[in-house]
Amino acid sequence: MTNSPYVIGHQQPDTDTICSALAYAHLKRAQGADAVAARAGELNPETQFVLDRWDVEPPEYLDDASGERLILVDHNEHGQAVTGSREAAIIEVVDHHRIGDIRTDEPIFFLNRPVGSTATIITELYEDAGIEIPGDVAGLLLSGLLSDTLVLRSPTTTETDRAVAERLAERAGVDYEEYGKALLERKGALGEREPSEIVLGDFKEFEFGSAHVGIGQIETVTPETVLDRRAEILEAMEATRSERGYTDLLLLVTDILEEDSTLLVRGDHADAIAEALEATLTDHIAPLPGVVSRKKQVVPNLSPAFE
Ligand code: MN
Ligand code: MN
């Protein structure tokens, strides 16, 4: 017997990854196809709040995808994917990030759009298919969209995202500004977390030539609660870097309200990384004015640091 294909997002799942997996699995089933939503890690507090709010069960946890069929949402790089993804068959991709290293033996449906969230693309797939989005699914999709775009404030936000957010909010029956504010508050609750949780809570891995780089990000309305603990956080970063064999480890502490970030960095290319981001390090820390997006304002600018 063959298992159902899993619709699954990246490790250290965020709200867009979880909600997109749930909504896309729902769309597949509405179209008569077989698909089960899955997740590659623990839910963060913001996503738990979303699932409670819309009264939806979390996707099932998949600890090893070897031998399975996978529909990837919100990522397309093995370094970010569920354990065993290299031994799985990737049968579809729906994403809004840089094109990574996924390879397949056969042609597949691969949809990547430069918009603010995967949820935006999945909403359009529902509309293209002429399938009505149920209220709770609209709530999930709206949550993914507002979380990724920081309530339409991030530079990743497009006109498409704004229009889709309005349609989803209407269908879900919420005011998206008000609902978005409640979401962002969940992102902010960081004070009590362990330093390693702060570093790894929203974490992605990237290859730049032979460099193996980890980049964490914290989006918060109270960056000082994180930066006040910079000594222990830098220590946790160095420990994580040597344990996991990264050449470099970055942490972006993003102030959602002021719309800028502070960079913390440990590793072999620290000064070159800062230079590539037009910043200057003092004790492993540098301000990054106007930077809020890892995907759009950090990752694309890093390559020169590793040449
Ligand atoms: Mn994501
Ligand atoms: Mn996303």
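Student: Is Arg113 buried, partly exposed or exposed, and what is its relative accessible area?

Tutor: In this predicted model, Arg113 is partly exposed, at a relative accessible area of 27%. Its salt-bridge partner is Glu124, and the closest N and O atoms of the two are 2.7 Å apart. Arg113 sits in the loop between strand S6 (109-112) and helix H3 (118-129), while Glu124 belongs to helix H3, so the contact ties together parts that are eleven residues apart in sequence. Glu124 is buried, with a relative accessible area of 16%. This pair belongs to a structure that holds eleven salt bridges.

Glu238 forms a salt bridge with Arg241, with 3.2 Å between the closest N and O atoms. Both residues are in helix H9 (residues 230-244), three residues apart, which separates them by about one helical turn. Glu238 is partly exposed, at 23% relative accessible area, whereas Arg241 is buried, at 16%.

Arg241 also meets the side chain of Asp268 in a salt bridge, at 3.5 Å from N to O. Asp268 lies in the loop between strand S10 (260-267) and helix H10 (270-276) and Arg241 in helix H9, so this pair ties together parts that are 27 residues apart in sequence. Asp268 counts as exposed, with 56% relative accessibility. Through shared partners, salt bridges join Glu238, Arg241, Arg266 and Asp268 into one network.

Conventions:
Residues are numbered from 1 along each chain as its sequence is written. Chains are lettered from A and ligands numbered from 1 in the order in which they are written. This is a predicted model: local features need pLDDT of at least 70, side-chain atom pairs count only at pLDDT 80 or more; totals for chains, interfaces and linings use all residues. Side-chain values use heavy atoms; hydrogens and water are left out. A salt bridge is a side-chain nitrogen of Lys or Arg within 4 Å of a carboxyl oxygen of Asp or Glu. Helices (H or I, at least four residues) and strands (E, at least two) are DSSP runs, numbered from the N terminus. Buried means under 20% relative accessible area, exposed over 50%, partly exposed in between (1.4 Å probe, protein chains only).
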